[in-house]
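Hi everyone, thanks for coming. Let's take a few minutes to walk through this one together.

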Amino acid sequence: MILGWKNFKLTMGLPSPVELSPPIVLQPSSTQKKVRKRECSFTETFLKTLIRSGRTFVYPFTPLSIMSDKASLNFGDSTYSLNVLIGSENEKALDVRQLRKDSGLITFDDGYGNTGSCESTVTFIDGDKGILRYRGYDIAELAEKSNFLEVCLLLLNGELPSSQELTAFESKVSRFQTLPAEVLHAVQSMPGGIHPMGSLASGLQALGGACPHLCTNDRAQDIANFEDAAALIIAALPALAAANYRKKVGEELRVSDTSLNYCENFLSMMFAKDGDAPVNPALSKALDVIFLLHADHEQNCSTSTCRMIASGGANPFASLAGAVSALWGPLHGGANMAVINMLNDIHNSGDDGSKFIQSAKEGKSRLMGFGHRVYRNYDPRAKILKSACDQALEALGVSSPILDIARRLEEVALQDPYFIDRKLYPNVDFYSGIILQALGFPTDTFTVLFAIGRAPGWLAHWKEIAQTGKRIHRPRQIYQGANLRPYLSIENR
Ligand code: ACO
């Protein structure tokens with residue numbers, strides 16, 4: 001809806017096959033064969049070769065610092081001494097890596113709220129202080145001064161790019177935004193009832209299938225071609241989303257326009273009609289900010305899924321397809337969609353929000369877009385999005401009754417002891433849905449937009465696991481099922 005595209009012309013035509021740099025094919029040396037046996041760990045020599053080839057960037061971990069103070073655990077007649085590890089922001093962790101071997105005990109942490117699953121250099125969050133930093137840069141400063149594609153390179157490579165690197169990346173992404181014909185066909189041949197997130201996950205697998213040399217499940221090979229794979233995935237996700245949407249509304253996908261920036265091109269592929277005016281820059285900027293704010297969020301459900309899949313040696317396309325599926329759920333990326341549904345329900349029922357707040361306090365409903373496992377003070381992204389939301393609605397010249405309800409819910413909840421005691425504040429999804437709806441995105445595509453924004457984060461974590469992960473991820477459990485019992489033949493059940 002709402003976007004004006006007057007006098008805006010695009011040539012229609014069949015998408016051309018994606019242009020990629022020549023694949024790097026590595027001949028396995030005896031060292032690499034040995035490395036593969038050791039569950040995807042890589043020798044320093046091998047990584048140095050890749051760095052020298054200019055095709056990859058390794059952001060090294062400094063060795064973990066160990067405190068001189070130790071923790072001790074008494075169990076039975078034994079005392080176990082545990083190292084305390086310190087991260088670069090001074091966060092402390094008990095090192096239990098030897099615990100099971102030494103004591104036979106495992107740790108139990110349902111939901112992983114107290115478990116550090118890895119070392120990472122990508123993102124730092126201090127939930128109590130409301131801090132979020134990508135590679136050391138504060139999210140508010142990035143939202144003000146940077147843009148999504150620059151942040152993609154920051155996350156992928158560990159450093160802000162030079163202007164040359166940024167231009168090269170932008171042009172690569174722009175060229176890759178045309179889907180290979182077979183991928184477009186695959187996405188548009190799926191059952192009509194498929195959810196956009198299901199289509200996106202399948203589309204990623206199809207994209208990998210169209211570029212098999214980028215997803216070999218041979219670690220060395222996949223790392224060597226990672227730059228192309230990452231640019232292709234970042235470029236293709238908006239096109240996959242638009243392909244699914246255009247099919248649903250019975251329109252042909254518009255050809256990607258290399259003269260437009262990333263967000264303008266996405267909006268064009270989704271909504272533009274012949275003769276429409278170019279998109280208002282304030283709107284593509286609002287979308288860019290949404291992507292940037294979602295770009296990474298350390299070890300959340302979908303990122304942990306991506307890392308888990310990657311730890312088994314799977315390629316980036318497969319790992320991200322899994323992450324997309326994990327993001328789909330309403331308690332994670334599906335929350336932005338759930339927020340709009342909740343606000344619409346409140347609006348349609350004639351409630352001003354007070355009855356809904358009451359039912360949330362009684363546990364009969366949940367205030368979607370509120371609360372966060374990590375942020376217990378405020379979500380810094382929500383603050384930025386609240387003002388982005390005001391600006392986008394002003395640029396569109398529309399008012400939103402559900403925005404008024406959202407503001408009221410926030411105002412009431414922030415003064416209510418139920419929410420204060422439980423440290424429940426608006427999260428990033430509380431306002432993003434309102435902006436996306438105003439931009440014309442159907443509610444069921446909101447989580448897809450989250451996925452597009454999160455892709456560089458998932459890719460950065462894939463790369464981290466590929467370059468530094470030593471072991472396949474494999475948690476333990478406390479078995480609570482039946483003890484050994486004899487098989488009963490079917491006539492005796
Ligand atoms: N509305 C009402 N009560 C809530 C809410 C909420 N949104 N969130 C938590 N609570 C209550 C719980 O009922 C619980 O109350 P109790 O102590 O009386 O039993 C207490 O607060 C703690 O809640 P948990 O569910 O244990 O918190 P957890 O850290 O496991 O969950 C989550 C975090 C999933 C985000 C939760 O707050 C929620 O469901 N929020 C709504 C969904 C949402 O917005 N998700 C998006 C998260 S951000 C993201 O993924 C990008």
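Let me start with a term: I call a residue buried if 20 or more other C-beta atoms, placed from the backbone, lie within 10 Å of its own, exposed if 12 or fewer do, and partly exposed in between. Please keep in mind that this is a predicted model: local features need pLDDT of at least 70, side-chain atom pairs count only at pLDDT 80 or more, and totals for chains, interfaces and linings use all residues. Residues are numbered from 1 along each chain as its sequence is written.

Helices (H or I, at least four residues) and strands (E, at least two) are DSSP runs, numbered from the N terminus. Look at helix α5, residues 148–157, where 9 of the 10 residues are buried. Among them are Phe148, Leu149, Val151 and Asn157. Gly158 comes after α5, and its phi is positive, near 95°.

Now the core. By nonpolar core I mean a set of buried Ala, Val, Leu, Ile, Met, Phe, Trp, Tyr and Cys residues joined through C-beta atoms within 7 Å. The largest one has 135 residues, and Ile233, Val324 and Ile435 touch the most other members. Helix α10 (residues 226–248) gives this core its largest share, 16 residues.

Finally, the sheet. Strands pair if DSSP finds at least two bridges between them. Here 3 strands run in the order β2-β5-β6, an open sheet with antiparallel pairing. Why is one side of β2 (65–66) and of β6 (92–94) without a neighbour in the sheet? Because both stand at the edges, each with a single partner strand. β5 (residues 84–86) pairs with β6 over 3 bridges, and Ile86 sits opposite Lys92 in β6.
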